[in-house]
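Please read this note with the model open beside you, and look up each residue as it is named. The points are meant to be taken in order.

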Protein chains: 2
Amino acid sequence: MKKLKRSGRLVDMTYYLLQHPHQLVSLSYFSERYQSAKSSISEDLTIVKEIFESQGFGSLLTIAGASGGVKYVPTVNMEEGTELVHSLCEKLEDKERLLPGGYLYMMDILGKPQLMNEIGRLFAAVYANQHIDAVMTVAMKGIPLAYAIGSYLDVPVSIVRRDHRVTEGSMVSINYVSGSAKRIQTMSLARRSLKEGANVLIVDDFMKAGGTARGMMDLLAEFNANVVGIGVLVEAEDVEERLVDDYISIARLEKVNEKEKQVQTVPGNFLDKLKEVKGE
Amino acid sequence: MKKLKRSGRLVDMTYYLLQHPHQLVSLSYFSERYQSAKSSISEDLTIVKEIFESQGFGSLLTIAGASGGVKYVPTVNMEEGTELVHSLCEKLEDKERLLPGGYLYMMDILGKPQLMNEIGRLFAAVYANQHIDAVMTVAMKGIPLAYAIGSYLDVPVSIVRRDHRVTEGSMVSINYVSGSAKRIQTMSLARRSLKEGANVLIVDDFMKAGGTARGMMDLLAEFNANVVGIGVLVEAEDVEERLVDDYISIARLEKVNEKEKQVQTVPGNFLDKLKEVKGE
């Protein structure tokens, strides 16, 4: 790569860091990449850090010492987080998404990659320092959000299936009781798709009684894995008894009335958790 | 936002453009965002453009006139594309992924969000100027790649299902013959998940005879949608009769021998297509 001036380095460095979240990049790497002295690189990084942090893109951690370097940790500021949560609530209240039986059509939301990325960044901000090794979800609607989070945390995604395919190799299966319908179902995860003892973040698009999340926790126990957290996009209203207590939701349904064509939502507990993490 | 110096503007601008691919951003927007004269913004953009294009991140198109502005179009250069294709081929040749029946375990590849993003950028580069309105895939292994492409092209993803869920609303279903197993199957797409007349890119993780892709094409006909292209990560070897002709693949299996524990691959036709698009 040809020698770059500061202005060019700043553009390239920003791009590079965004493509490598949660990865330690040594000063030597940048120094060689731009054929520039480490002192210049340090000054560049100070500028990048200031903008990243003041604009709420994330933090730029500096690790000192011979094996040191810099690490970009994507986060979100309270203002942007609040705005996004409220805009999601508003989208959910569109009565056109009401389906027979009081179900909500959500694929217009789940089908937008950029929106999923934004919401993924919310969860990545809250779990940034929890040493997550993998994100786990169940096919299929949780997949887009799981990948968005995995992308920001730079960790793989494990997809639990409700069927058994020949292309998965040996699988570990459990039975679980879906909380709302009280039906016994099976879920399976390919043996090689998750490391033993991994720290796992469970993700799903929707949680009612939490039977599916409970099932995923049981499945994780078979892998001796640790559940670090549970993140859901939307949680249901009026659940008599939840099967899991500790989870983070972006939005919560308050009232879904099919007859009156009404959907009311409130923000979930995400913003409280974000505040906690930020120590604000 | 407080007034920023050039160095700060370059960092913020790079971040902003990367978050808004394929969107026209007016000079006025940046001018207000940074409280800087349009002439300064123009100079900033010249620097960003030079780096984006020389480093192969993508093009920065400048649209002149009152409603003009700048648009970031993610692409990939031949060198980076070639490297990525070959590294994928190498990964596929790992004999540990051989499963009984000659199937290949691919979830380690498909489960990596960052890798999917990189491959997504390859397809986004080839289809950048084809006015794609939506990416379509079938649940579930094509989903990660479809979202990665959709994210770079800034278009929604439509997910075809093999079952029927109450949370999808009215669905359009077709029967199709899976090319390799010759079984009749059903696939469905929610009516509201795709606009009539849309230009659609079909995406999947694996293609053997192309029965599933053929099925998706038939389904798209029900939506009066146009198939702009078909992109697959891996295509199978030795297919007697393919049901679709025009597709782009990243890698192609040459020989899969379960007994000898051998997997041989060659690059698919992707690099030829990229060369064509780039006019090189």
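This is a predicted model: local features need pLDDT of at least 70, side-chain atom pairs count only at pLDDT 80 or more; totals for chains, interfaces and linings use all residues.

1. The contact between the two chains takes 61 residues from chain A and 60 residues from chain B. Together, chain A and chain B bury about 5,000 Å² between them, and 62% of that area lies on carbon and sulfur atoms.

2. The elements of chain A that give two or more residues to the side touching chain B include α1 (6-19), α3 (38-55) and α6 (113-126), and the largest share, 9 residues, comes from α1(A). By residue type, that side of chain A divides into 34 nonpolar, 13 polar and 14 charged residues.

3. How many salt bridges are there between chain A and chain B? The count is 2, and a salt bridge is formed by the side chains of B:Lys141 and A:Glu168, with 3.5 Å from N to O. Over all chains, a search of the whole structure finds 26 salt bridges.

4. Within chain A, a salt bridge joins A:Arg6 to A:Glu43, whose closest N and O atoms are 3.3 Å apart. This pair links distant parts of the chain, since A:Arg6 belongs to helix α1 and A:Glu43 to helix α3 of chain A, 37 residues apart. A:Arg6 counts as partly exposed because its relative accessibility is 28%, and A:Glu43 is likewise partly exposed, at 45%.

5. In chain B, the side chains of B:Glu235 and B:Arg242 meet in a salt bridge at 3.0 Å, N to O. There, B:Glu235 is buried at 3%, and B:Arg242 counts as buried at 19%.

6. Turning to the sheet, 3 strands of chain B form an open sheet in the order β1-β3-β2, with antiparallel pairing. Its edge strands are β1 (24-25) and β2 (58-63), each of which pairs on one side only. Strand β1(B) pairs with β3 (residues 69-74) over 2 bridges, and B:Val25 stands opposite B:Val70 in β3(B).

Definitions and conventions
Residues are numbered from 1 along each chain as its sequence is written. Chains are lettered from A and ligands numbered from 1 in the order in which they are written. Side-chain values use heavy atoms; hydrogens and water are left out. Two strands pair if DSSP finds at least two bridges between them. Helices (H or I, at least four residues) and strands (E, at least two) are DSSP runs, numbered from the N terminus. Contact means heavy atoms within 4.5 Å. Buried area is the accessible area (1.4 Å probe) that two parts lose on being put together, summed over both. A salt bridge is a side-chain nitrogen of Lys or Arg within 4 Å of a carboxyl oxygen of Asp or Glu. Ala, Val, Leu, Ile, Met, Phe, Trp, Tyr, Cys and Pro count as nonpolar, Asp, Glu, Lys and Arg as charged, and the others, Gly among them, as polar. Buried means under 20% relative accessible area, exposed over 50%, partly exposed in between (1.4 Å probe, protein chains only).
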